[in-house]
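New notebook page, model open on the other screen. I want to jot down what I look up as I go, one spot at a time.

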Amino acid sequence: SDLDEDGKTVLGFCKVMREGYSSTKEEEASHHARTEERSFLGAVLESVENGIVACDPDGKLTFFNAAARAIHGCEEQPLPSAQWAEHYRLYRSDGATLLAESELPLYRALRGERVDSARVTVLSAGGKRHDVEVTGRSMRDAEGQILGAVISMNDVSAVRAASAARDETIYEQGKRIAAEAAEDRERKTQA
């Protein structure tokens, strides 16, 4: 009878050890898979041409990819959202009016707003002007609680420069045509 009890105890102990060992192995495998998934996602986000910036629910920047660093000309800093516009030189599309905190696309997304094609001008640390279109969303868990926010910045500076050059060319052509028409009228009048 004592042997039966000891046998049950030993079998029970073996079962607990096996379950503990398998759950530890499964947890390690699961942790390893999550780590690999995060590394892959980080590599993807680093390689895209758009600037990607993410923050946690407190507004602390948690991701700032290479394209975002190129647009801003600096690394991310752990600053409160009230200082983002000044530090990252974020302006309205006029390039002169600093954005208010409530206008910042990442701040708006963090507050739950859906941001689509917001126009922002960034004056990089090197002084270069970047006209960007920003899209932003909050990130939520299964219960709908905000976990943070993410924005994507598309640098449209080259497109805007080309459009401005085209408009200038059209304007200059219009002036030339008007001047030629005026000369033609004057010649006809003199004739």
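**Asp131.** I started with this aspartate in the predicted model. Is Asp131 buried or exposed? I got a relative accessibility of 10%, under the 20% cut-off, so I put Asp131 down as buried. Next I checked where Asp131 belongs, and found it in strand β5, which covers residues 129-140.

Then I looked for side-chain partners. Which side chains make polar contacts with that of Asp131? I noted the side chain of Thr121 at 3.0 Å. I also noted the side chain of Arg129, with a polar contact of 3.1 Å.

**Aromatics.** I searched the structure for aromatic pairs and came back with one. The partners are Phe64 and Tyr88: I have the ring centres 5.6 Å apart and the planes at 35°, so this pair goes down as tilted. For the record, planes under 30 degrees apart would have been stacked and over 60 edge-to-face.

What does the pair tie together? Phe64 sits in strand β2 (residues 61-64) and Tyr88 in helix α3 (residues 84-88), so the pair links parts 24 residues apart in sequence. Phe64 has a relative accessibility of 4%, so I count it as buried. Tyr88 is buried as well, its relative accessible area being 4%.

**Whole chain.** I stepped back for the layout. I have five helices and six strands, and from the N terminus the order reads α-β-β-α-α-β-α-β-β-β-α. Of the 191 residues, 26% count as buried. The protein exposes about 12800 Å², and I see 54% of that coming from carbon and sulfur atoms.

**Confidence.** How far does the predictor trust this? The average pLDDT is 78, and 63% of the residues score at least 70. By element, I found the lowest mean in helix α1 (residues 2-47), at 57, and the highest in helix α4 (residues 105-110), at 97.

I flagged one more stretch: over residues 161-165 pLDDT stays under 50, and there the model has zero contacts beyond four places in sequence.

Key. Residues numbered from 1 in each chain as written. Predicted model: local features only at pLDDT ≥ 70, side-chain atom pairs only at ≥ 80, totals over all residues. Heavy atoms only, no water. Helix = DSSP H or I, 4+ residues; strand = E, 2+ residues; numbered from the N terminus. Buried < 20%, exposed > 50% of the residue type's maximum accessible area, 1.4 Å probe, protein only. Polar contact = N/O pair within 3.5 Å; in protein donor to acceptor, adjacent residues only side chain to side chain. pLDDT = per-residue confidence, 0-100. Contact = heavy atoms within 4.5 Å. Areas by Shrake-Rupley, 256 points an atom, 1.4 Å probe, with all protein chains shown as cover. Phe/Tyr/Trp six-rings, centres within 6.5 Å; stacked < 30°, edge-to-face > 60°.
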